[in-house]
Amino acid sequence: QVQLVESGGGLVQPGGSLRLSCAGSGRRYSIYLKGWYRQAPGKQRELVAVITSGDKINYADSVKGRFTISRDNAKNTVYLHLNSLKPEDTAVYYCNAEVKRAGVSYDYWGQGTQVTVSS
């Protein structure tokens, strides 16, 4: 069974910082952690930051210069550093991975972690 365990969300004031973590595990599965998406109330899920297979990093325009994604392959963990947070960053943040087993691959999502930016 595959698990993507996210942590690090919480309540923070505008201008504050958080670090999200997502650790992947699963016996007999190959897990490729791709990045982070978010979904605000009443809105569709959107890309925040991803690392492509060629290790290129893509950020949403709204977070460029404020958020940083990184990955520790030895720990099978992907991180998202959120700086200069704004109220509009409030959302549930989801970790995304590509999971492979027996030649079949599919997208897999974490359970989400809530980030609330408010004074």
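## Salt bridges

The structure holds seven salt bridges, a salt bridge being a side-chain nitrogen of Lys or Arg within 4 Å of a carboxyl oxygen of Asp or Glu. The model is predicted: local features need pLDDT of at least 70, side-chain atom pairs count only at pLDDT 80 or more, and totals for chains, interfaces and linings use all residues. Residues are numbered from 1 along each chain as its sequence is written, and side-chain values use heavy atoms, with hydrogens and water left out.

Arg38 takes part in a salt bridge with Glu46, where the closest N and O atoms are 2.7 Å apart. Arg38 also meets Asp89 through their side chains, at 3.0 Å from N to O. This second pair links distant parts of the chain, since Arg38 lies in strand β4 and Asp89 in the loop between β8 and β9, 51 residues apart. Strands here are DSSP runs (E, at least two residues), numbered from the N terminus. Salt bridges that share partners join Arg38, Glu46, Arg66 and Asp89 into one network.

Relative accessible area is classed as buried under 20%, exposed over 50% and partly exposed in between (1.4 Å probe, protein chains only). Arg38 counts as buried because its relative accessibility is 6%, and Asp89 is buried as well. Glu46, at 36%, is partly exposed. Another salt bridge joins the side chains of Asp61 and Lys64, at 3.1 Å from N to O; Asp61 has 64% relative accessibility and therefore counts as exposed.

## Pairing of strand β4

Two strands pair if DSSP finds at least two bridges between them. Strand β4 (residues 30-39) runs antiparallel to strand β9 (residues 91-101), and nine bridges join them. Strand β4 also pairs with strand β5 (residues 46-51) in the antiparallel sense, over four bridges. Gly35 has a bridge partner in each neighbour: Asn96 in β9 and Val50 in β5.

β4 and β5 form a hairpin with six residues between them. In its turn, Gly42 has a positive phi of about 75 degrees.

## Nonpolar core and disulfide

A nonpolar core is a set of buried Ala, Val, Leu, Ile, Met, Phe, Trp, Tyr and Cys residues joined through side-chain atoms within 4.5 Å. The largest one has 28 residues, and those with the most contacts inside it are Leu33, Trp36, Val48, Phe67, Leu80 and Tyr93. At least two residues of this core come from each of β3 (18-25), β4, β5, β7 (67-72), β8, β9 and β11 (113-117). β9 gives the most, with five residues.

The structure has one disulfide, defined as a pair of cysteine sulfur atoms within 2.5 Å. Cys22 and Cys95 form it, with their sulfur atoms 2.1 Å apart. The torsion about the S-S bond is about -80 degrees, so the disulfide is left-handed. It links distant parts of the chain, with Cys22 in strand β3 and Cys95 in strand β9, 73 residues apart. Both cysteines are buried.

## Surroundings of Thr77

Thr77 lies in strand β8 (residues 77-82) and, at 8% relative accessibility, counts as buried. A polar atom of its side chain lies 2.9 Å from the backbone oxygen of Lys75. Not counting residues up to four places away in sequence, Thr77 touches Ser21, Cys22, Ala23, Leu33, Ser70, Arg71 and Asp72.

Note on methods: A polar contact is a pair of N or O atoms within 3.5 Å; within protein, one must be able to donate a hydrogen and the other to accept it, and residues adjacent in sequence count only if both atoms are side-chain atoms. Contact means heavy atoms within 4.5 Å.
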